[in-house]
Amino acid sequence: MNVKIYGHGTSRVGVRQITPKIYWICHCIGEHAAQHNGGFAAEFARLNPMLDPDANDIIYSSFLFMDEKTFLIDTLSPAQHDTVIQAIDDILAGRKLDYVWISHTELPHAGNIEAIRRAHPELQVLTVGGHDHYEVHGLADAMQLNYGDKFELGEHTLEIIEPLFVDHALTQWVYEHKTGFMCPVDWALNVHNHHQCFRFMDEMEEVGYSAERFMHEVATTNRVVFSWLRWADPDKTEAAIDKFLTDYDIRIFAPSHTNVIRKDIPKYMSALREAMRMAITGNYELVF
């Protein structure tokens, strides 16, 4: 596993190359995750014995496209202020940062926007359009986007798309046409133990992970993150997911809080589809 790591604990950031021109910049705490995150894994495993009682860590991700134009997806949080700037600058290697795209205004996604803007004052900030509170988040002069807007970077074309599942009323997803890269932001959150940090999903399988475990983790964590799913219609939800998977040729699945999936996409999309039904119809004891 080829990963470059900056910092430690709550500031720790790792960088991995997904393709020659797409970089995964992600934070997870590592061996002390239980101490920092409250040891939630044991409670998850109590409700679902399929889960790992030591999986107390959650990934927070940004993605950087290095093309004729450079494009950063989300910013990580203020706890990674210095390390994420260092990681971005090391990848850029003297180039300027052209775009920063903000999926929605929560700290793990937008918390370093001002720091990145200070380091790269010429960049264009992009975010979802239609609202007037953005100055609170340092986005007062951001270009506000509509679904369907596209950005030509050179070899890559990024399209802003409407989300199936929203963690925030103002949320957007992004898809890249050449590589089939899909970032569905907060959809599909999974957890991991300290042996699985910074791994792609296929590498997770080398240390005991599986699509079945992914399914159970997403079902369990979605009952926490998307507690409103208990009122959703499972059949309509599955139909919407099926249409989504037909509309987009996904070859790299890169949510903000999931180990990047670059192989066996159909297997993991099938697990994700079933996880959503399980989340809707399952036990909400953990939430309520």
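Helix α9, spanning residues 265–281, comprises 17 residues, and the distance from its first C-alpha to its last is 24 Å, close to the 24 Å expected at 1.5 Å a residue. The model is predicted. The largest pocket has a volume of about 240 Å³, and the second largest pocket one of about 150 Å³. The sheet is open and is formed by five strands.

- The buried residues of α9 are Ile265, Tyr268, Met269, Ala271, Leu272, Ala275, Met276, Met278, Ala279 and Ile280.

**Largest pocket**

- The lining of the largest pocket is made up of 17 residues.
- Nearest the centre of this pocket lie Asn37, Phe40, Asp57, Ile58 and Tyr60.
- At least two lining residues are supplied by each of α2 (40–47), β4 (57–58) and α7.
- By residue class, the lining of the largest pocket contains 10 nonpolar residues, six polar residues and one charged residue.

**Second largest pocket**

- The second largest pocket is lined by Asn2, Val3, Lys4, Val15, Arg16, Gln17, Tyr23, Phe200 and Arg262.
- Strand β2 (residues 13–19) contributes three residues, the largest share of the lining of this pocket.
- Four residues of the lining of the second largest pocket are nonpolar, two are polar and three are charged.

**Five-stranded sheet**

- The strands of the open sheet follow the order β10-β11-β12-β13-β15, and their pairing is mixed.
- Strands β10 (150–152) and β15 stand at the edges with a single partner strand each, so one side of each has no neighbour in the sheet.
- Strands β12 (residues 173–176) and β13 (residues 181–183) run antiparallel and are joined by three bridges.
- Val174 has Cys183 of β13 as its bridge partner.

Note on methods:
Residues are numbered from 1 along each chain as its sequence is written. This is a predicted model: local features need pLDDT of at least 70, side-chain atom pairs count only at pLDDT 80 or more; totals for chains, interfaces and linings use all residues. Side-chain values use heavy atoms; hydrogens and water are left out. Helices (H or I, at least four residues) and strands (E, at least two) are DSSP runs, numbered from the N terminus. The expected span of a helix is 1.5 Å times one less than its number of residues. Buried means under 20% relative accessible area, exposed over 50%, partly exposed in between (1.4 Å probe, protein chains only). On a 1 Å grid over the protein atoms alone, a cavity is a set of points where a 1.4 Å probe fits but cannot get out, and a pocket is an open set with protein on both sides within 12 Å along at least five of seven lines; lining residues have an atom within 4 Å of a point. Grid points are joined across faces, edges and corners, and a volume is the space filled by probe spheres set on the points. Ala, Val, Leu, Ile, Met, Phe, Trp, Tyr, Cys and Pro count as nonpolar, Asp, Glu, Lys and Arg as charged, and the others, Gly among them, as polar. Two strands pair if DSSP finds at least two bridges between them.
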